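These are my notebook entries on one structure. I looked up its pockets, its nonpolar cores and its aromatic pairs.

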Amino acid sequence: MLLKRVGRFFFDTLFFRVFCRKQYAELDKFKSVIYYETEPERYLNDFQKPGTKHELNLKNFALCYSYGRGNNNFDHVYSDAPYTLVLTYKKDGASEVEANEDEEVACIGFELVNRSTILVKQIQGVSGKLAILQHFRWGKMLLKVVMDWAKNAGFKTVRVIKAESSKWYREYRAKDFFIRYDVTARRSGFKFDEKDQTYVRILA
């Protein structure tokens, strides 16, 4: 019995270390890697609004890592959380100078709560990019991207703030923020936690 317990202890310890190492490795990419490995084209296809018509080249979208709060590597994104994924788009026919400058169109940011949980604190479209974003359920899409990232990294739970918890919440923005955070979370299968005052989903 003692040997069995000792064996179980070492197995659990090894399992824990492997998952922690995986988490740290994935989080470190926000500091050192530019492009997220997963191309957003499949997400854009899945979350394209029914019946929408556009001439956007979905292959020209990219997801980029950004680390730290505030204006970091992107002029038009102010990060509210330390870890942010930025959706960018590069226009067809761009000049050689423009070809190296993808335009930021939206972002999603999160912070760590503990070793098993992340908290999404920001779901934001970039001002002036409605012409691109209007064709997609982009908030729900970005939340799905983060959920997939979290599961792959070994996290068990994703939480999302309610609209009123955003530091940018104002009464005149109440409806837009409610749709962006509360409605997006609910439609993505999250349940509201009255105690914690966040939306929560356990990753399968």
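**Basis.** I worked from a predicted model, in which local features need pLDDT of at least 70, side-chain atom pairs count only at pLDDT 80 or more, and totals for chains, interfaces and linings use all residues. Residues are numbered from 1 along each chain as its sequence is written, and side-chain values use heavy atoms, with hydrogens and water left out.

**Entry 1, nonpolar cores.** I looked up the nonpolar cores, meaning sets of buried Ala, Val, Leu, Ile, Met, Phe, Trp, Tyr and Cys residues joined through side-chain atoms within 4.5 Å. Buried means under 20% relative accessible area, with a 1.4 Å probe and protein chains only. The largest core has 49 residues, and Phe61, Phe110, Val120 and Trp149 have the most contacts inside it. H5 contributes the largest share of this core, ten residues; helices here are DSSP runs (H or I) of at least four residues and strands (E) of at least two, numbered from the N terminus. A second, separate core has six residues, among them Cys64 and Cys107.

I then listed the contacts (heavy atoms within 4.5 Å) of Phe61. Beyond its neighbours within four places in sequence, Phe61 touches Pro40, Leu44, Leu56, Leu87, Thr88, Tyr89, Ile132 and Phe136.

I counted rings of Phe, Tyr and Trp (its six-membered ring) as paired if their centres lie within 6.5 Å; planes under 30 degrees apart are stacked, over 60 edge-to-face and the rest tilted. The count is 15 aromatic pairs. Tyr36 and Tyr65 are edge-to-face, because their ring centres are 5.7 Å apart and their planes stand at 80 degrees. This pair links distant parts of the chain, 29 residues apart: Tyr36 lies in the loop between H1 and helix H2 (41-46), and Tyr65 in strand E1. Tyr36 is buried at 11% relative accessible area, as is Tyr65 at 2%.

Trp149 and Phe155 form a stacked pair, 5.8 Å centre to centre with 25 degrees between the planes. Trp149 is buried at 0%, and Phe155 is buried at 3%. Ring pairs join Phe30, Tyr36, Tyr65, Tyr67, Tyr83, Phe110, Trp149 and Phe155 into a cluster.

A pocket is an open set of points on a 1 Å grid over the protein atoms alone, where a 1.4 Å probe fits, with protein on both sides within 12 Å along at least five of seven lines; lining residues have an atom within 4 Å of a point. The largest pocket is lined by 20 residues, with Trp138, Gly139, Ile179, Arg180 and Thr184 nearest its centre. H6 gives the most to this lining, six residues.

Terms used:
Buried < 20%, exposed > 50% of the residue type's maximum accessible area, 1.4 Å probe, protein only.
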